[in-house]
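Keep the structure in view as you read.

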Amino acid sequence: MKKNLLISVFMTLVTTVLLGIIYPLVVTGLAQVLFPRQANGELIQQGGKLVGSSLIGQPFTAVGYFRSRPSSAGNGYDASNSSGSNLAPTNKALIDRVTASVQSLRAENPTSPIPVDLVTTSGSGLDPDISPAAAKFQIPRIARERSISQSALQDLVKRHTKGRQLGFLGEPRVNVLELNLELDAQHPLR
Amino acid sequence: MSASNLLQYAVFVAVAASLVKPLGGYMARVFGGEKTFLDPLLRPLEHLVYRLTGVDPELEMDWAQYSVAFIVFGLIGALALYGILRLQQFLPFFYARYQTTPLSPDLAMNTAISFATTTTWQAYSGETTMSYTSQIVGLTVQNFLAGASGLAVGVAFIRGLAREQTSKLGNFWVDMVRSVLWILLPLSLLGSLLLVWQGVPVNWHYYVQATTLDGGQQVIPQGPVAALEIIKNLGTNGGGFFNVNGAHPYENPTPLSNFIEMLAIVLLPAAFTNTFGRMIGKPRQGWLLFSVMVVLFVGGLLLCGWTEQKGNVKLAHIKTLSVHSLQGQPGGNMEGKEARFGIGASVLAAVVTSNGATGSTNSAHDSYTPLGGAVPLVNMLLGEIVFGGLGTGLYSIIMLALVGLILAGMMIGRMPEYLGKKIGPLETKFITLYALASPLAILPVTALAIATKHGLAGLVTNTGPHGFTEIFYAYTSCFANNGQSFAGLNASTPFYNFTTAVVMMIGRFGLAIPALALAGRLAGQIKRQETQNAVPTDKPLFAALLVATALIVGALSFLPALTLGPILEHLIGR
């Protein structure tokens with residue numbers, strides 16, 4: 001027993017140095033050299049200021065922006081508090097929330113069916129993407145608010161649509177922050 | 001589900017299957033002490049470790065000595081982690097402004113036991129609780145050590161079946177160190193860089209402050225995520241860097257990072273079936289176990305995928321809302337799922353993690369449909385036999401196979417045999433002890449929780465049958481050393497911290513010790529030629545027996561509880 005205790009203590013110490021100090025420093029060093037942008041969080045600078053990360057979603061409530069999905073992270077897209085809603089599918093709070101979202105979205109675009117991801121929260125609350133259908137759904141409103149043609153917006157959305165990776169992994173998606181950044185650049189709000 | 005989703009599943013199984021033989025052979029050589037290509041680099045390091053720690057690599061242990069070493073190492077690891085967590089605020093990289101949740105004694109104790117048993121149940125949110133030092137020097141180290149310890153026990157179990165007329169099952173320290181140096185460390189170095197390439201950060205920066213396009217402030221946590229991320233999955237642990245684990249875009253940024261991370265979970269346990277086959281000199285036995293795993297795996301994928309794609313029936317009634325897989329949207333039940341994963345890649349993670357004793361989900365299981373959420377629950381209740389935990393998955397499926405052989409033996413009135421070893425009365429006792437552990441641990445504690453106000457206080461998000469499922473899921477997950485949860489349950493209370501810790505330890509040691517005892521007993525037997533009494537264990541009939549045993553024994557133990565939870569919720573929800 002005593003031998004096991006001694007070995008356990010020394011083994012924990014030795015492996016903590018190897019796996020808890022050397023290994024992570026090696027990984028950090030190699031990653032910072034090989035993939036600096038990714039290793040540092042894919043942050044986006046705009047005019048000298050940090051506007052966010054392309055991987056971390058943001059709320060877009062101002063006029064003329066494509067909106068993100070609803071979020072349960074803090075008050076919405078609080079990156080220091082990642083969270084989903086964890087509401088059961090039969091939970092009345094979920095059904096009421098979705099019904100209210102549907103009503104307000106229907107008001108802004110009465111003709112198209114509402115894509116379900118636009119009224120549901122993501123698992124992280126920080127989802128940076130929306131489905132291509134959700135982006136297209138918002139085009140009529142953006143066209144009105146920025147006084148631009150819908151076809152120009154359709155081109156914009158198409159350019160920002162990432163297809164399935166390697167052709168079959170995951171889902172097609174549109175990064176909302178990158179989309180809105182280009183929107184501001186090409187068609188600024190007057 | 002779309003054709004792409006199904007192709008994703010097929011490619012996943014194909015890639016895993018293609019790696020079974022090369023990786024399985026490599027592991028067999030590592031544990032057999034044979035030559036490998038990494039020897040010039042690692043042998044000197046291995047011997048240095050033995051010199052520094054006092055390990056005598058020539059010493060062989062019997063099942064009791066092996067068990068004691070395993071237990072003591074696990075407890076010392078838990079104690080060391082407890083110390084790091086409780087002293088977190090005095091160690092580097094502690095950010096008082098953001099890490100505002102205190103690591104109370106009960107939370108630190110729960111986390112320490114959790115990570116030392118590969119459960120990695122997290123009654124805390126990473127970004128508001130853990131410093132980078134705790135995550136890396138504490139948690140990541142345990143990810144390696146606890147995973148390696150499990151793999152060592154698995155190897156010892158195989159030796160019990162492979163050897164004859166000996167009491168020796170190997171040396172726990174040698175097996176554990178070899179697991180770390182030859183298997184986990186090289187794969188982690190490679191895997192972490194692949195993940196960074198896909199967007200997982202690895203830095204030691206302070207949380208950054210951004211001004212959003214809307215004009216608001218957004219604090220974005222950073223950290224050495226990739227270093228933890230790969231071994232979290234490779235060692236079948238599962239505890240995420242951030243609160244939402246694999247749903248967080250920094251932990252799992254792309255569908256490809258998801259594919260790599262899920263592959264990392266099943267890779268070694270799948271290959272280990274081949275290691276088993278080689279070490280007993282009968283590769284077909286290993287392939288049979290692997291095939292059973294694939295069948296149960298794919299079954300879960302299809303059932304969960306189908307019901308999640310159908311979507312939430314309650315939402316489908318809302319006019320103008322489209323839950324269908326239209327042009328340009330994944331459709332289905334998207335509450336709690338990420339846009340980049342949709343239904344297909346979320347369900348892949350749900351089924352891989354629930355089967356792989358790893359908690360790193362990428363969607364909110366609490367928001368799954370009743371039947372959809374029942375699939376990961378049932379996967380865990382089956383006993384983590386479908387790939388399962390590193391090392392532990394193999395003896396889990398074999399123990400279940402032995403239960404099946406005992407039942408078959410009782411039906412034909414003959415003493416069961418497995419691989420030339422007789423399963424006599426004493427062996428049957430160990431197997432029975434093993435099989436009774438899960439219902440005896442999970443069900444009474446679940447009952448205790450729902451019967452007391454402390455337990456019910458956890459139901460802050462959902463109530464009724466779904467709330468029952470949240471509690472049942474928690475204890476099932478902890479027993480299975482899985483660690484995933486229906487996250488709507490508030491489990492960061494002393495009641496849950498204490499009860500889940502107890503269940504985790506029963507799930508880890510209450511299964512490993514009977515398995516090792518059985519292995520020790522079998523190692524002492526002579527290997528006989530298969531007699532006419534034996535059920536041939538490399539034929540499809542045995543595979544069917546195994547699947548039937550898993551489902552029937554699982555159903556007998558847990559169908560009543562399942563009826564109170566997901567089945568009831570499904571019936572009243574229509």
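A contact means heavy atoms within 4.5 Å. In chain A, residues 24 or more positions apart account for 56% of the contacts with a separation of 6 or more. This is a predicted model: local features need pLDDT of at least 70, side-chain atom pairs count only at pLDDT 80 or more, and totals for chains, interfaces and linings use all residues. Residues are numbered from 1 along each chain as its sequence is written, and side-chain values use heavy atoms, with hydrogens and water left out.

Now the overall build. Chain A holds six helices and six strands. Helices (H or I, at least four residues) and strands (E, at least two) are DSSP runs, numbered from the N terminus. Their order from the N terminus is α-α-β-β-α-β-β-α-α-β-β-α. The C-alpha atoms fill a box of roughly 75 × 45 × 35 Å along the principal axes.

Next, burial. Of the 190 residues of chain A, 58% count as buried. Buried means under 20% relative accessible area, exposed over 50%, and partly exposed in between, with a 1.4 Å probe and protein chains only.

Strand 2 (residues 49-53) of chain A shows this locally. Four of its five residues are buried, so strand 2 is largely enclosed by the rest of the structure. Its partner is strand 1 (residues 43-46) of chain A, paired in the antiparallel sense over four bridges. Two strands pair if DSSP finds at least two bridges between them. A:Gln45 stands opposite A:Leu50 in strand 2. The hairpin has two residues between the strands, and A:Gly47 takes a positive phi near 55 degrees.

Key:
Chains are lettered from A and ligands numbered from 1 in the order in which they are written.
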